Amino acid sequence: MVLYLRQSALAKSESAFTLAELMVVFLLLSMVMSGLIYGYVQANRVAQWSAMSLAVQSYASQGAEQARAADWRPRDPTPTSGATNGPGTRDELPPTIAITPQVNFMDIPAQGNPTSTDFSFWVTNQVTITDVSINPPLRQIYSVCTWTFPLTGLQFTNTVVLLRAPDQ
Amino acid sequence: MKTTTASMRKSSRRHRAGFTLAELLVSTMVFTLIMGAMISLQIFGLRIYTLAATKLLASQSGRLTLGDIRDKLRSCKTVYVGIYTNSQFSQIATGSPQMGNAIQIFPTLTTTGSNYIVFYEDPVNTNICMVTNGVRTVTANFVTNYYCFQAEDYQGNVLTNYQNNPVIKMTMSFVQWEYPIAYVGGNSINAYDFYYLRTRVTRRSKF
């Protein structure tokens, strides 16, 4: 009786992974994991951009509302001082007056207190008044906010446009 | 005898098909690494979610209140800035800066009786409350600044007397966490010491 119990060298080599197989597995694993992490980071980044954009939009709206509060009553009699426009007159904010840009910080949660040298949370608002129509009188209040997204350094603008008629 | 030989060959094949201890250890280690990474990712994601939820929920009622006040201010006929204490609204006296913890809104031209709505900041409970027809309702929580309302002119200067065309500026400051489990940075106490909601509103019907 002869017994053949010797394990063949070929069968033994087939039972393990080759280096190439392992490298492919690690590559696939790395790609999947980096995709997941990138997804989390990107979601967080978009959420932060949305929060900042919302805060900036609110600031642009504030600039427009402020300009909307200026008196414009062209049918009123000319004041005794003779001035027809400017503060305290019947036309406080005509299109000819250049409005100084306002700089302020965004209403977003931030660690610490922003300083004037830290522009990550600051926004600049420029309001412009233009005549849309003389008769009937109609003006446009154009409020533009510029800001920089700190994670990319890109600049964005948010705009609010209002139309107003006199005597209201 | 053939049967015995075949049986032993089958046994040998079964032995070859199993895993060695080293293989089991390696696979267990790889499995542990993958599971550890997945769990870490999940925890990281939950932490980010909790952080965002904390930020949003802490000011959610404040945002809703600002929107409500904005709508009422735009459509009202008269608005006063003042102080609200002991269920009484007092308008800021002429000559003093028009800033206080309350505003009184008259939706119509009638300024007598209970034809008004008052929004005020309650410094004891740190709430924004609305009073209409004598009924008090809490509309926002965790608001800690007392002077929430001020009247400005179109240039942003605080008014010192009542004018027909004020810009009402509202500021709400939040310093309290709704969910204290959300740690931010190394120090969970007052992690955010700067947290405002602000807006400005102008009445649409001035005359």
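Biologist: Which residue does Ile117(B) stand opposite in β6(B)?

Modeller: Ile117(B) stands opposite Thr132(B) in that strand. The model is predicted: local features require pLDDT of at least 70 and side-chain atom pairs pLDDT 80 or more, while totals for chains, interfaces and linings use all residues. Residues are numbered from 1 along each chain as its sequence is written, and chains are lettered from A and ligands numbered from 1 in the order in which they are written.

Biologist: What makes β5 and β6 of chain B strands that pair?

Modeller: Strands are DSSP runs of E with at least two residues, and helices are runs of H or I with at least four, numbered from the N terminus. Two strands pair if DSSP finds at least two bridges between them.

Biologist: Why are β2 and β7 of chain B said to stand at the edges?

Modeller: The open sheet of 6 strands has the order β2-β1-β4-β5-β6-β7 in chain B, with antiparallel pairing. β2 (88–91) and β7 (135–141) each have a single partner strand, so one side of each is left without a neighbour in the sheet. The twist averages 30 degrees from one strand to the next, where axes are lines fitted to C-alpha atoms (for helices over the stretch in contact) and angles between N-to-C directions run from 0 to 180 degrees.

Biologist: How do you know that β1(B) pairs with β2(B)?

Modeller: Strand β1 (residues 78–85) and β2(B) share 4 antiparallel bridges, and the bridge partner of Thr85(B) is Gln88(B).

Biologist: Why is Gly156(B) called partly exposed?

Modeller: A residue is buried if 20 or more other C-beta atoms, placed from the backbone, lie within 10 Å of its own, exposed if 12 or fewer, and partly exposed in between. Gly156(B) has 14 such neighbours and therefore counts as partly exposed. Gly156(B) is in the loop between β8 (149–152) and β9 (167–173) of chain B.

Biologist: What makes β3 and β4 of chain A paired strands?

Modeller: Strand β3 (residues 138–148) and strand β4 (residues 155–164) pair in the antiparallel sense over 10 bridges. They form a hairpin with 6 residues between them, and Gly153(A) in the turn has a positive phi of about 80 degrees.
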